[in-house]
Amino acid sequence: MVDRVDKIWMDGELVNWEDANVHILTHTLHYGVGAFEGIRSYRRTDGSSVIFRLEDHVQRLLDSCKIMGFECPFDLPTIADACMDLLRVNGLDEAYIRPLVFIGDGAMGLYANNPVRLAIIVWRWGAYLGDDALANGIRTKVSSFTRHHVNSSMVKGKIVGHYVNSILAKREAKAAGYDEALLLDHQGYVSEGSGENIFFAKNGMIQTPPFSSAILGGLTRDSVISIARDMGLRIKAQSFTRDELWLADEVFLTGTAAEVTPVVEVDNRTIGTGKPGEITLAIQQRFFEILRGENREYEHWMTEYRI
Ligand code: PMP
């Protein structure tokens, strides 16, 4: 259950949690055309709070709207301010932030010109795959479901309906006793997890699928690429196969929810030593130092707010 908060932001107004409702004819409920974001804020060790890559997330939300061909009724500064106000009003020094652009009710049918609406919800959310996953790694399985073809769904958008594919894969993996699903693209190359980007390391070289492949352009992925480069690690964006993953020394997933999660098993093959690898742990540690404000080299990624 999501921890209930006092207020939800809807179409520019703060409304009470129990009043944040929509009509059953809400278009997005029927056809899945909407766009959303997942953003995190962190309490730093000095007691201040920051939102991680706020503007980049809001820009991706607007990009998702552009991809789907509808106009978000609010601009970037308004949405960014709304996220900060909402955290303040709900007294959250650390939270997950979920903006959702959706098509409201009015006409039905696929070609409807209904009002575009925006809601923002915030709640406390711990480690998405669990604290144990961050510390000890997870078991994964390649899914029987293929990631969207880049010309059937526009994968650079974080679009509501796209997540049917992710949920099919996630449910299949969980039902078979794994923690997370890995999806291959239509050519058979590894694309990403159900809600995370993927990396592997082999002989000191880190590799992740290229931005132009069937992946969401993750902001954690982008951050990890910068962090790895700044740490002097070698990293490249290049497609790879499922068996390259099996033979990797280390595998890890990145995402706003999953943060930097080590993978210790793929398709019942142990990765490396079966424990989170050295490179993975070094990047994970640096990532959390940055989020906790113990490393201040990436302040341009942070938006401070007060509650
Ligand atoms: N891929 C998919 C399919 C996702 O849902 C997410 C989570 N937004 C990611 C990758 C990671 O993106 P980010 O690091 O921006 O959260």
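Me: Where is methionine 108 found?

Reply: Methionine 108 is found in the loop between β6 (95-103) and β7 (116-123). Strands are DSSP runs of E with at least two residues, and helices are runs of H or I with at least four, both numbered from the N terminus. The structure is a predicted model, in which local features need pLDDT of at least 70 and side-chain atom pairs count only at pLDDT 80 or more, while totals for chains, interfaces and linings use all residues. Residues are numbered from 1 along each chain as its sequence is written, and side-chain values use heavy atoms, with hydrogens and water left out.

Me: What makes Val22, Ile24, Leu25, Leu29, Tyr31, Met108 and Leu110 a patch?

Reply: These residues form a nonpolar patch on the surface, with about 680 Å² of accessible area together. A patch takes residues with over 30% relative accessible area and no salt bridge; nonpolar side chains (Val, Leu, Ile, Met, Phe, Trp, Tyr) are joined within 5 Å, and like charges within 9 Å. The areas come from the Shrake-Rupley method with a 1.4 Å probe, and for residues only the protein chains shown count as cover.

Me: What makes the side chains of aspartate 93 and arginine 124 a salt bridge?

Reply: Their N to O distance is 3.2 Å. A salt bridge requires a side-chain nitrogen of Lys or Arg within 4 Å of a carboxyl oxygen of Asp or Glu, and the pair meets that condition. Aspartate 93 lies in the loop between α3 and β6 and arginine 124 in the loop between β7 and α4 (131-136), so the pair ties together parts that are 31 residues apart in sequence. Aspartate 93 is buried at 16% relative accessible area, whereas arginine 124 is partly exposed at 39%. A search of the whole structure finds 19 salt bridges.

Me: How do you know that arginine 139 and glutamate 265 meet in a salt bridge?

Reply: The N to O distance between their side chains is 3.0 Å. Arginine 139 lies in strand β8 (residues 138-142) and glutamate 265 in strand β15, so this pair ties together parts that are 126 residues apart in sequence. Arginine 139 is partly exposed at 31%, and glutamate 265 is buried at 15%.

Me: What links lysine 141 and aspartate 267?

Reply: They form a salt bridge, the closest N and O atoms being 3.2 Å apart. Lysine 141 lies in strand β8 and aspartate 267 in the loop between β15 and β16, so the pair ties together parts that are 126 residues apart in sequence. Aspartate 267 is buried, with a relative accessible area of 3%. Salt bridges that share partners also join Arg44, Asp46, Arg296 and Glu299 into one network.

Me: How many aromatic pairs does a search of the whole structure find?

Reply: The search finds 12 aromatic pairs. The ring centres of tryptophan 125 and tyrosine 128 are 5.7 Å apart and the planes stand at 75 degrees, so this pair is edge-to-face. Rings of Phe, Tyr and Trp (its six-membered ring) pair if their centres lie within 6.5 Å; planes under 30 degrees apart count as stacked, over 60 as edge-to-face and the rest as tilted. Ring pairs also link Phe52, Phe287, Phe288, Tyr298 and Trp301 into a cluster.

Me: Which residue lies over the face of tryptophan 246?

Reply: Arginine 269 does, at 3.8 Å from the ring centre. The criterion is NZ of Lys or CZ of Arg within 6 Å of the ring centre and within 35 degrees of the ring normal. Lysine 156 lies over the face of phenylalanine 211, at 5.0 Å from the ring centre.

Me: What is phi of asparagine 203?

Reply: Phi of asparagine 203 is near 50 degrees, a positive value in a residue other than glycine. Most residues other than glycine have a negative phi. Asparagine 203 lies in the loop between β11 (197-202) and β12 (205-208) and, at 61% relative accessibility, counts as exposed.

Key:
Buried means under 20% relative accessible area, exposed over 50%, partly exposed in between (1.4 Å probe, protein chains only).
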